[in-house]
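Here is a short briefing to read alongside the sequence and the 3D view.

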Amino acid sequence: MPTRVWDYLPEYESERQDILDAVETVFRSGQLILGESVRSFEAEFAAYHGVRHCVGVDNGTNAIKLALQALGVGRGDEVVTVSNTAAPTVVAIDAVGATPVFTDVDPRTYLMDVAQVAAAITPRTRCLLPVHLYGQCVDMAPLERLAARHDLVILEDCAQAHGARHHGRTAGSMGHAAAFSFYPTKVLGAYGDGGAAITSDDEVERALRRLRYYGMERTYYVVETPGHNARLDEVQAEILRRKLTRLDDYVAGRRAVAARYADGLAGTGLVLPETAEGNEHAYYLYVVRHPRRDEIIEALREHDIHLNISYPWPVHTMTGFARLGYAPGSLPVTEALAGEIFSLPMYPSLPLGVQEKVIAALREVL
């Protein structure tokens with residue numbers, strides 16, 4: 001079989017009975033929408049992160065969008081973030097009518113270069129949106145100081161950082177709110193779509209619950225503020241409840257895979273992932289870098305190894321965001337990375353033989 005970056009089937013085989021039992025539990029519960037499974041998952045996910053509230057939603061993009069709205073970010077506001085991210089981060093900012101403002105990224109970690117954020121703040125800035133990318137956290141202390149100084153809110157994009165920690169704090173516990181995706185590939189992935197926003201702010205939590213259910217709060221038949229239909233599915237919530245108990249094991253498995261890559265690929269010329277000081281990396285992706293990236297990927301296809309690039313097109317270069325006015329060369333590190341980075345297969349149930357095949361093929365090609 002072809003070797004790919006991600007495959008859920010090995011995990012499913014090992015957890016099949018628990019997953020099928022989760023489905024059976026929901027089907028026999030008598031409540032298929034916003035029932036006990038969603039409520040329990042919300043409480044357990046909040047507790048894992050040491051925050052007061054979790055609101056489950058239908059996907060990670062809406063988790064960002066609704067969290068921005070709940071934080072009071074909207075038309076005319078600016079949100080400082082990065083272009084080296086999945087497009088949904090920026091799509092969500094645009095969806096609430098705000099303007100994304102990009103900083104470049106650190107050339108070692110590929111995360112937001114926090115030293116550039118102060119210069120990006122204007123009188124219209126309302127929110128700082130760090131993206132905890134590839135499984136590790138942005139340096140949050142400078143952002144927290146800037147937010148306090150300029151009266152800004154911080155929304156953490158944690159779609160790729162389940163189980164990651166920064167100086168002992170969980171990803172998602174350091175801002176005013178945080179957004180998560182449970183897309184199947186994630187460290188904590190559903191068997192379909194799903195997302196959540198977490199916060200310790202009671203008013204933000206109330207707004208999130210209104211926004212995910214048409215804008216209704218005190219009665220389900222009266223819209224108090226315009227909202228959405230963005231509910232987390234009961235079946236996905238029950239599956240996520242079961243998998244949440246194994247999240248730390250998933251992270252440990254990913255770290256073991258990362259350690260084998262680090263040993264096996266040392267001295268090849270690949271730039272391997274670097275963990276920033278104070279971070280505990282969850283390795284959602286194992287992103288490497290080489291100036292001959294495209295040639296390497298093509299050569300690996302001959303070994304039946306098919307790899308991904310996260311991300312080949314920075315958001316500011318996409319046609320859909322050309323109106324933002326970022327000229328080529330405006331974010332030099334981000335643009336250089338887009339031509340050199342690629343991801344190796346990474347998931348906790350990655351068979352050892354498959355990983356050895358990837359390492360051997362890379363060593364041969366390089």
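A search of the whole structure finds zero disulfides, a disulfide being a pair of cysteine sulfur atoms within 2.5 Å. This is a predicted model, in which local features need pLDDT of at least 70 and side-chain atom pairs count only at pLDDT 80 or more, while totals for chains, interfaces and linings use all residues. Residues are numbered from 1 along each chain as its sequence is written, and side-chain values use heavy atoms, with hydrogens and water left out.

- C127 takes part in no disulfide, and the nearest cysteine sulfur, that of C158, is 12 Å away.
- C127 counts as buried at 0% relative accessibility, where buried means under 20% relative accessible area, exposed means over 50% and partly exposed lies in between (1.4 Å probe, protein chains only).
- For C158, the closest cysteine sulfur is in C137, 6.9 Å away, which is too far for a bond.
- C158 also has 0% relative accessibility and counts as buried.

**Aromatic rings**

- The whole structure holds 12 aromatic pairs; rings of Phe, Tyr and Trp (its six-membered ring) pair if their centres lie within 6.5 Å, and planes under 30 degrees apart count as stacked, over 60 as edge-to-face and the rest as tilted.
- One of these pairs is Y8 with Y191, edge-to-face, at 6.0 Å centre to centre and 90° between the planes.
- That pair links distant parts of the chain, 183 residues apart: Y8 is in the loop between strand 1 (3–4) and helix 1 (9–27), and Y191 is in the loop between strand 9 (177–181) and strand 10 (195–199).
- Helices (H or I, at least four residues) and strands (E, at least two) are DSSP runs, numbered from the N terminus.
- Y8 is partly exposed, with a relative accessible area of 38%, and Y191 is partly exposed at 24%.
- Y191 also pairs with Y12: the ring centres are 6.1 Å apart and the planes are at 55°, so this pair is tilted.
- Here too distant parts of the chain are linked, since Y12 is in helix 1 and Y191 is 179 residues away in the loop between strand 9 and strand 10.
- W6, Y8, Y12 and Y191 form one aromatic cluster.

**Around helix 1 and helix 2**

- L32 is found in the loop between helix 1 and helix 2 (36–49).
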